[in-house]
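Visitor: Could you walk me through this structure? I'd like to start with how its parts are defined.

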Amino acid sequence: MSAGTGAPTEPRRSVLILGAFGTFGRLITDALAQTTDLPMIAAGRRLPEVHPEFRAGIRALAVDSHDMSAAVLEKLGPAVVIDTVGPFQTRDRNLAKACIGLGIHYLDLADGREFVQNVCALDAAAAARNVLVVSGASTVPALSSAVIENLAAAFSEVAEIDIGIAPGYSGPKGLATIRSVLGYVGRAIPVWRQAKIGCARGWGDTKRHRYPPPVGRRYLSLIDVPDTSLIPLRYPTLRLLAIRAGHEVALVHHALRCLGVLVRIGLIRDLAGHARMMQRVAGWFDGLGSNNGAMHVRLRGRGKDGALQSRTWTLIAENGDGPRIPTLAAILLTKKLLHVPGYAPIVLRGAMPASNLLTLREFEREWRSLAIRTCLTGDACAEANGDFVSTASSHRAT
């Protein structure tokens with residue numbers, strides 16, 4: 001990766017959003033439309049039957065991401081491409097390569113561990129073309145790394161990191177996301193234990209975590225995400241890393257654990273192949289869940305004085321705003337790349353995962369209009385009873 005010598009001049013300002021009529025693509029399109037005047041191209045495999053109302057300067061386009069050739073990209077002429085079309089585990093890097101060849105910045109919301117990590121292979125080509133290629137511009141690793149960096153400032157040595165993601169059940173259940181999760185349920189996934197890579201089962205090692213109201217207790221199980229490979233590289237004293245997620249409806253969460261057992265013993269060979277059916281079944285339980293979600297990041301280690309300490313950052317999202325969190329990194333990076341007023345330009349060039357590209361303060365600014373609140377335990381906050389401080393004051397501890 002490299003840094004430019006100054007703010008680059010962008011001959012183009014338009015943004016191409018792929019998967020713009022899906023869950024995350026739609027939220028990104030809406031957010032950029034409401035907060036910027038950037039020209040946008042909202043592209044999806046097919047236009048929705050009920051055509052969305054777009055402001056002036058937004059063009060709707062029916063095109064499959066697999067058909068997004070260099071010739072099509074050159075004709076559309078965007079400055080930035082935001083790719084939300086998962087599951088990324090089965091995707092190649094041809095689109096990113098085409099963007100690099102045309103001098104177009106590329107961002108994706110990938111959550112596939114190997115897919116995100118392997119983007120570094122494009123670093124030299126992207127730097128040579130003076131473009132930024134970022135993979136994993138989503139909750140993990142973009143937001144998770146920003147939170148860890150913020151908390152780690154109070155430590156002389158970080159020994160353990162625990163991350164939990166607990167979305168509201170009544171939120172959108174995208175087919176690509178379901179396929180992504182089913183792809184590792186019951187299968188061997190890497191984990192960081194005793195300061196080395198080990199092996200565990202996807203959706204195993206289940207724990208129960210108590211979040212402040214209105215979220216409450218949630219079951220969380222191991223997931224396969226880019227952070228497993230990326231975080232240990234940045235924190236050499238780290239001995240234990242656990243990253244879990246869970247369904248709000250306990251019955252659904254444990255049913256998925258049972259399916260994982262069937263995968264492990266070989267009775268189910270391709271659980272991801274049943275994703276569409278699982279999507280339908282999941283909808284049966286919508287009435288048992290809510291639209292409130294949470295996330296936590298806990299660090300344990302030694303403070304600046306050498307004493308053992310633990311600090312936990314907790315986020316609560318209400319009123320259905322949780323699904324907006326995975327979109328914020330791509331929104332922020334787009335605004336910084338295209339010099340939207342009020343956003344510090346990003347001059348970094350090359351190809352890299354989304355780790356440590358944004359600060360927690362930048363995320364806090366972006367979600368300040370949403371029903372999102374955060375807390376840092378041990379600093380004017382009591383996680384147990386849900387006594388939260390405001391987003392602005394939660395940052396001051398570090």
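Guide: Gladly! Two strands pair if DSSP finds at least two bridges between them. Helices (H or I, at least four residues) and strands (E, at least two) are DSSP runs, numbered from the N terminus. This is a predicted model, where local features need pLDDT of at least 70, side-chain atom pairs count only at pLDDT 80 or more, and totals for chains, interfaces and linings use all residues. Residues are numbered from 1 along each chain as its sequence is written, and side-chain values use heavy atoms, with hydrogens and water left out.

Visitor: How many bridges join strand S14 to S15?

Guide: Strand S14 covers residues 293–303, and Gly301 stands opposite Gln309 in S15. The two strands run antiparallel, and the number of bridges joining them is 10.

Visitor: Which residue takes a positive phi in the hairpin of S14 and S15?

Guide: The hairpin has 4 residues between the strands. The phi in question is near 85°, and the residue that takes it is Gly306.

Visitor: Which residue in S17 does Thr314 stand opposite?

Guide: S15 also pairs with strand S17 (residues 372–376), in the antiparallel sense over 5 bridges. Within S17, the residue opposite Thr314 is Cys375.

Visitor: Why is strand S15 largely enclosed by the rest of the structure?

Guide: Buried means under 20% relative accessible area, exposed over 50%, and partly exposed in between (1.4 Å probe, protein chains only). Strand S15 spans residues 308–317 and is largely enclosed because its buried residues number 7 of 10.

Visitor: What percentage of the residues in the protein chain is buried?

Guide: The protein chain has 13 helices and 17 strands. Of its 398 residues, the buried share is 54%.

Visitor: Among contacts between residues at least 6 apart in sequence, what percentage joins residues at least 24 apart?

Guide: Contact means heavy atoms within 4.5 Å. For the protein chain, the share that joins residues at least 24 apart is 71%.

Visitor: Which strand gives the largest share of the lining of the largest cavity?

Guide: On a 1 Å grid over the protein atoms alone, a cavity is a set of points where a 1.4 Å probe fits but cannot get out, and lining residues have an atom within 4 Å of a point. The largest cavity holds about 70 Å³ of space, and its lining includes Ile189, Trp192, Thr228 and Leu241. S9 (188–193) and S13 (240–245) each supply at least two lining residues. The largest share is 4 residues, and it comes from S9.

Visitor: What is the volume of the second largest pocket?

Guide: A pocket is an open set with protein on both sides within 12 Å along at least five of seven lines. Grid points are joined across faces, edges and corners, and a volume is the space filled by probe spheres set on the points. Of the 17 lining residues, Gln89, Thr90, Gly112, Ser180 and Gly183 lie nearest the centre of this pocket. Its volume is about 350 Å³.

Visitor: Which helix gives the most to the lining of that second largest pocket?

Guide: Helix H4 (113–117) and helix H7 (175–182) each supply at least two residues. The most, 3 residues, comes from H4.

Visitor: How many residues of helix H8 are buried?

Guide: Helix H8 runs over residues 227–234, and Asp227 and Leu230 are among the buried ones. The cover over these buried residues includes H4, S9 and S13. H8 is mostly covered, and of its 8 residues the number buried is 6.
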